[in-house]
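Work through the exercises below with the sequence and the coordinates open beside you. Try each task before reading its solution.

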Amino acid sequence: MHQLRNFAMSKVTIVDVHTHVYPPRYVSILKSRTTVPYVRDTTPGQPSRLIILPGEDSPSSHSTAAGRPIGPEYYDINAKIAFMDTHGIDVSVISLANPWLDFLDPREAAAVAREINYDLDSMCKTYPGRLFAFGALPLSGTTDVIVNEIERLPGYNYMRGVIMGTGGLGNGLDDLSLDPVYRALEANNMTIFLHPHYGLPKEVFGPRAAEYGHVLPLALGFPLETTVAVSRMILSGVFDRFPKLQVLLAHSGGTLPFLAGRLESCIAHDAHYRPEGRRSIWDVLKVNIMLDAVVYSELGVRAAAAASGGDRVLFGTDHPFFPPLEAEEDAKGESADGKQSEKWLSVTTNYKAIRDAFSDNNGQEESVLGGNAIRLLRLA
Ligand code: 5CU
């Protein structure tokens, strides 16, 4: 059994780039809704449940497939800091969790994005130096509205990019209508944190899928969704048109590190797809892509480092998702203080994967734990 090194005691600065929050204002929006996404207040004494994924809105089931209990770790920034302290994390780059602002009426998207970004920046201000943020975009609005919000972000102190799902304006991330958005992000030095939400069509998982809770959509649907989305960006030439655009891929890029060679080969053998001057996927991986290390295995971290370079892999936790099961059961929507000091298996597994992946490579582990994020996201 490995002993986890106490990173908090060492000089290594640990940065978590994949850590979410639902600001209270956003929780209020979810509470006002009755269709996915929404927060369902159940019977008194029971925790409210966060229903965000397609198909999890079945009140009869108490399994994980019927949403998750929502406690302060989802919306209270003090709970985030307590979690960071428990796990030796010095700095977190917080982001709104899925499904972000995708579902908003286009008429309200601009105002809500402004408010949520203000809330995120204000949370960062409460703990100067410990928190930075990826903002949210009003993607249901017009491109003018979206670009306008991007141009506001550098005016905040703590914004380092934006979190985006795979839907774009409704037609995915290879949609040419997104070019003004990519142009504005590149010009304003704002990294895209590309994160899944919609998964794969449920038919893919077969008629018994519900018996397996969230396992198939989260373990396979999420990473494959990201893989398809970023592959479409590459194929449509987004990185040829915007060669400085930076994209951080959730969950170590899904299966992109493993399948990049196959993608390259299929391109080389496709008579119908012959774009002029196309950059290779390997080049894009090393120049435009960063991969988080939220993959829970040494093998996965090694693949990420082999694909993008150990200088472009960044530690993350996915907090507040994947809590210990007992903490979920205890979440009563009140203070979760009693559970703040417990280490989360999801986090210790990722620490161990990073340590094991770089056991023979001095310095790389520290870079992945924090140095890369500090350099690439300008957190110094
Ligand atoms: O457990 C989940 O549903 C999730 C989710 O929705 N989003 C995320 O980032 N991680 C886990």
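Helices (H or I, at least four residues) and strands (E, at least two) are DSSP runs, numbered from the N terminus. The model is a predicted one, in which local features need pLDDT of at least 70 and side-chain atom pairs count only at pLDDT 80 or more, while totals for chains, interfaces and linings use all residues. Residues are numbered from 1 along each chain as its sequence is written, and side-chain values use heavy atoms, with hydrogens and water left out.

**Exercise 1. Backbone features in loops**

Task: locate the loop that holds Pro-37, and then examine the peptide bond from Val-36 to Pro-37.

Solution: Begin with the position of Pro-37, which is in the loop between helix H1 (24-31) and strand S2 (38-40). The bond that leads from Val-36 into Pro-37 is cis, its omega being near 0°. Next take Pro-99, found in the loop between strand S5 (91-96) and helix H3 (106-126); Asn-98 and Pro-99 are joined by a cis peptide bond with omega of about 10°. Finally, turn to the loop between helix H5 (179-187) and strand S8 (191-194), where Asn-189 lies. Asn-189 is a residue other than glycine with a positive phi, near 60°.

**Exercise 2. Surroundings of the ligand**

Task: list the residues around the ligand, and state which ligand atom lies 2.9 Å from a polar side-chain atom of His-195.

Solution: An N or O atom in the side chain of Arg-68 is 2.8 Å from an oxygen atom of the ligand. For His-195, a polar side-chain atom is 2.9 Å from a ligand oxygen atom, and for His-20 the corresponding distance to an oxygen atom of the ligand is 3.4 Å.

**Exercise 3. Packing of H4 and H5**

Task: how are H4 and H5 oriented to each other, roughly parallel or roughly antiparallel?

Solution: Axes are lines fitted to C-alpha atoms, for helices over the stretch in contact, and angles run from 0 to 180 degrees between N-to-C directions. Helix H4 (residues 143-152) packs against H5 at an angle of about 5°, and their axes are 9 Å apart. H4 and H5 are therefore roughly parallel to each other (angles under 35 degrees count as roughly parallel, over 145 as roughly antiparallel, 65 to 115 as roughly perpendicular and the rest as oblique). The contact (heavy atoms within 4.5 Å) is made by Thr-143, Ile-146, Val-147 and Ile-150 of H4 together with Pro-180, Val-181, Ala-184 and Leu-185 of H5. Sorted by class, the residues of this contact are seven nonpolar, one polar and no charged, where Ala, Val, Leu, Ile, Met, Phe, Trp, Tyr, Cys and Pro count as nonpolar, Asp, Glu, Lys and Arg as charged, and the others, Gly among them, as polar.

Key:
Near = heavy atom within 4 Å. Polar contact = N/O pair within 3.5 Å; in protein donor to acceptor, adjacent residues only side chain to side chain.
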